[in-house]
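Please take a moment to look over the sequence and the fold before reading on. The paragraphs below are meant for someone meeting this structure for the first time.

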Amino acid sequence: MPAVRGQVVIIGGGISGLSAAYDLANAGVPHTLIEKQPRLGGVIETRQWDDCVMECGPDSFISAKPEAMTLIRELGLAGEVIGSKDEERVTYIQRHGKLVRLPEGTTMFVPTRPSSMLASPLVGWGTKVRMGLELLRGPKTYPDRSVSEFVTDHFGRETLDYLAEPLLSGVYGGDPDQLSAASVLPRFVEMERTKGSLARALMAARRGATRSEPLFRTLKGGLGCLVERLAAKANVTHGAAEAIERQGEGFRVRVNGDWMDTDHLVVACPAWAAGELLCDIDGRLASLLRMIPYTSSAIAQMVFRASEFDGQRAGTGFLVPRAERKRLMACTFVGTKFPHRVPSDKITLRCFFGGAGNDAVLGEPDDALIAIAREELAAILGLTAAPIFTGVYRWPRSMAQYIVGHGARLKEIETHASAVPGLHLAGNAYTGIGIPDCIRMGRQAAAKIITS
Ligand SMILES: Cc1cc2nc3c(=O)[nH]c(=O)nc-3n(C[C@H](O)[C@H](O)[C@H](O)COP(=O)(O)OP(=O)(O)OC[C@H]3O[C@@H](n4cnc5c(N)ncnc54)[C@H](O)[C@@H]3O)c2cc1C
């Protein structure tokens, strides 16, 4: 591979690296994006089966963060966007083996409609009284503490076990005893600091709000369309980045045994991989990156004929709290969430496995995972019908965990990274795990290079 000076090397062709490449290409900055897999997109992958759109990884993005929509508009894909059907959004949580509807007005684990929480069998009277008393809290600031401590302090242990833990497992696949409240729930921590009661603050915000946009958005044909559009702009080399060395003011990167020279480096692979690559550049930076834990997950997708589906149709899906979990963490009814993706004569279920401490499940063969999913669905939904399609997708070490102390670690990472001219970090390990956050970080890295 010939040495090219004055260009940018991006390591990692997930949404973070692709977003950086897109802006560099538009600005006319020569770049090479290095991706070790034969496919681009990282954990974003869409497949089609028959007339069903199958998301193998993420299926949507949150509307409240504008970066994904901004990029989608720039790419000319705005006409493809569909929103979640929030008025039909019903989520269930397993309690004593039965599915209980998430009380209306619950924002994450915070009750904002007292009447629906009071009527719900999801939590007992002790917890309901505790929720009422939370309204009386005054503002207070705490040092970074775990999500478990934060939630228990506000609403008690049962709220942690039957609301916060299952809801956060769905987003982070994480352990609330480890996750940092400040990094994972920054908006709630800010409410605690300024208002005291989360329920009171959210009820006040709700009264003043006029909701016009859906909670989640996605692309009709799947998020893979976003990857395809971005990939069309990127100059890609498939191969694994194996080592990085400082060379004068720039760097050299070994890819498949050959060295490439570059002035700027955007490291957009997972932090554990970045840590391995950057050990010769800054040992402390490398070890800080390796300290960010990751969890793994697997999705078992199944399509059924609607006419044969004999199980309970559980709204947009259900969550299984750790306290009741065997292997299955959650299950989504894809067609209820995004009807454009499943024709009316079919029902598609996405079953989630893995999360903190459950990496072993990824080692199960496909057939075994499908068998586990069917067994648990039979117990929970009473479903005995056989699927007409199955697919299993594994995402090892893909979800960064913002554990207690993440904010302080991040500051140290930023100090070390900014002391290496030309080095830029992007990806889900830093200031946000969702797709809009990753797009923001990728584009910020590109902007720094373009303006430098
Ligand atoms: C199952 C699942 C469901 C999710 N659901 C949602 C959702 O619905 N909505 C949402 O907003 N977010 C969701 N997320 C989170 C979000 O999708 C990810 O955080 C985000 O896509 C990560 O993008 P990334 O580019 O930072 O990393 P990745 O997608 O992990 O990409 C990193 C890339 O780096 C490559 N790489 C690694 N090492 C090297 C190397 N040495 N050389 C070259 N290449 C290398 C990898 O092959 C990979 O392609 C989900 C995540 C998972 C795993």
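What follows goes from the domains to a sheet, then to a pair of helices and the ligand.

This is a predicted model, in which local features need pLDDT of at least 70 and side-chain atom pairs count only at pLDDT 80 or more, while totals for chains, interfaces and linings use all residues. Residues are numbered from 1 along each chain as its sequence is written.

The domain assignment, whose bounds come from an automatic or database source, gives domain 1 (8-42 + 223-292 + 402-451), domain 2 (106-208) and domain 3 (294-400). The C-alpha centres of domain 1 and domain 2 lie 35 Å apart. Their contact takes seven residues from domain 1 and 10 residues from domain 2, where two residues are in contact if their C-beta atoms, placed from the backbone, lie within 7 Å.

Helices (H or I, at least four residues) and strands (E, at least two) are DSSP runs, numbered from the N terminus. Five strands form an open sheet in the order S12-S2-S1-S16-S22, with parallel pairing; strands pair if DSSP finds at least two bridges between them. Strand S12 (236-238) and strand S22 (423-425) each have a single partner strand and stand at the edges, so one side of each is left without a neighbour in the sheet. Between S2 and S12 the parallel pairing runs over three bridges, and Val236 in S12 is the bridge partner of Leu33. Helix H1 lies across strand S1 (8-11), S2 and strand S16 (264-267), running at about 165° to S2; such angles run from 0 to 180 degrees between N-to-C directions, and axes are lines fitted to C-alpha atoms, for helices over the stretch in contact.

Helix H12 (residues 283-290) and helix H15 (residues 406-418) pack at an angle of about 145°, with their axes 9 Å apart. Arg284, Leu285, Leu288 and Leu289 on the H12 side meet Arg409, Glu412, Ile413, His416 and Ala417 on the H15 side.

Where does the ligand lie? Domain 1 and domain 3 both give residues to the shell around the ligand, so it lies between them. The ligand is surrounded by 36 residues, and the closest are Gly12, Gly14, Gly42, Pro58 and Gly434; a residue counts as near if its C-beta atom, placed from the backbone, lies within 6 Å of the molecule. Helix H1 (15-26), strand S2 (31-35), strand S17 (294-305), strand S21 (389-400) and helix H16 (435-451) each supply at least two residues of this shell.
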